[in-house]
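Colleague: Walk me through this model, please. I would like to learn how to read its features.

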Amino acid sequence: MENPVAEIPHIIHLLTQTAPSTQRATIERYFAPDASFTHPFCRTGSFNGSRWLIWNVYRWYKIMSPRIDIAVDSVAYDETALRLYVSIHQVFRIWAIPGMRAPVQLVTVLQLVAAPKGNFHKPTYLIASQNDLYQVNEFVKFFSLLRVVWLVVLVWQFVATGFCVLGAVVLSPVSWVEENMVRGNRERGVREVVLGEGGEWVGKERQVTNGSE
């Protein structure tokens, strides 16, 4: 890839919506020979020739779901770290299970590496690793035919939020101690808190908080 941000949407479509031969050609052109693939349900590891496994993962992906609706919502590029963050939504269907339809969203993190110098027939950057990140309530859609599991996860997430609120209210004195005695992201023992040891550091932080520095 010479322009990762501009090219990656087309590459994703080639990987997910084309014939096996095109998938393989795409992987061999844009992935490093030792590229790795990580997904909630599988991973390849990284070793010389590991991109062959990535091709087979994409082949199986298309065998399970011959028709995939997929779109790239946004692309962010950390040029210093050579890392792409791609927001994607897709509709995954398994042909052998009538009515199975999983609309999911994910963020794919692609670590890039510079292509070998001196070979002008290769892209400027190659994909060294692909990491597909799903929220729990998203990836359970793959195996929840009636969305029962998805619904259970969704309810649990709201219940867990309720527990967070309850814990924050019940243990609010801990927050008061953190705000007025400990202050900040620092572990202090009971002796330090009670006797006021470390006061110089606490005073300095209060000055920064108050805009004195």
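**Salt bridges and their surroundings**

Modeller: The structure holds three salt bridges. A salt bridge is a side-chain nitrogen of Lys or Arg within 4 Å of a carboxyl oxygen of Asp or Glu. This is a predicted model: local features need pLDDT of at least 70, side-chain atom pairs count only at pLDDT 80 or more, and totals for chains, interfaces and linings use all residues. Residues are numbered from 1 along each chain as its sequence is written, and side-chain values use heavy atoms, with hydrogens and water left out.

Colleague: Which residues are linked in a network of salt bridges?

Modeller: Arg67, Asp69 and Arg93. Asp69 pairs with Arg67, the closest N and O atoms being 3.5 Å apart. Asp69 also pairs with Arg93, at 2.9 Å between the closest N and O atoms. Helices (H or I, at least four residues) and strands (E, at least two) are DSSP runs, numbered from the N terminus.

Colleague: Are Arg67 and Asp69 exposed or partly exposed?

Modeller: Buried means under 20% relative accessible area, exposed over 50%, partly exposed in between (1.4 Å probe, protein chains only). Arg67 is exposed, at 54%. Asp69 is partly exposed, at 28%.

Colleague: How should I read a salt bridge within one helix?

Modeller: Start with the geometry. An α-helix has 3.6 residues a turn, so residues three or four places apart point the same way. Here, Arg24 and Glu28 meet in a salt bridge (3.2 Å, N to O). Being four residues apart in helix 2, Arg24 and Glu28 are separated by about one helical turn. Arg24 is partly exposed, at 34%, and so is Glu28, at 43%.

Colleague: Which residues of helix 2 are buried?

Modeller: Gln23, Thr26, Ile27 and Tyr30. They cover an arc of only 95° around the axis, which puts them on the same side of helix 2. The arc is that of the directions from the helix axis to the C-beta atoms. Their cover includes helix 1 (4-16), strand 1 (31-39), helix 3 (51-64) and strand 6 (125-133).

Colleague: What does the side chain of Gln90 make a polar contact with?

Modeller: The side chain of Tyr61, at 2.4 Å. A polar contact is a pair of N or O atoms within 3.5 Å; within protein, one must be able to donate a hydrogen and the other to accept it, and residues adjacent in sequence count only if both atoms are side-chain atoms. Gln90 is found in strand 4 and is buried, with a relative accessible area of 4%.

Notes:
Contact means heavy atoms within 4.5 Å.
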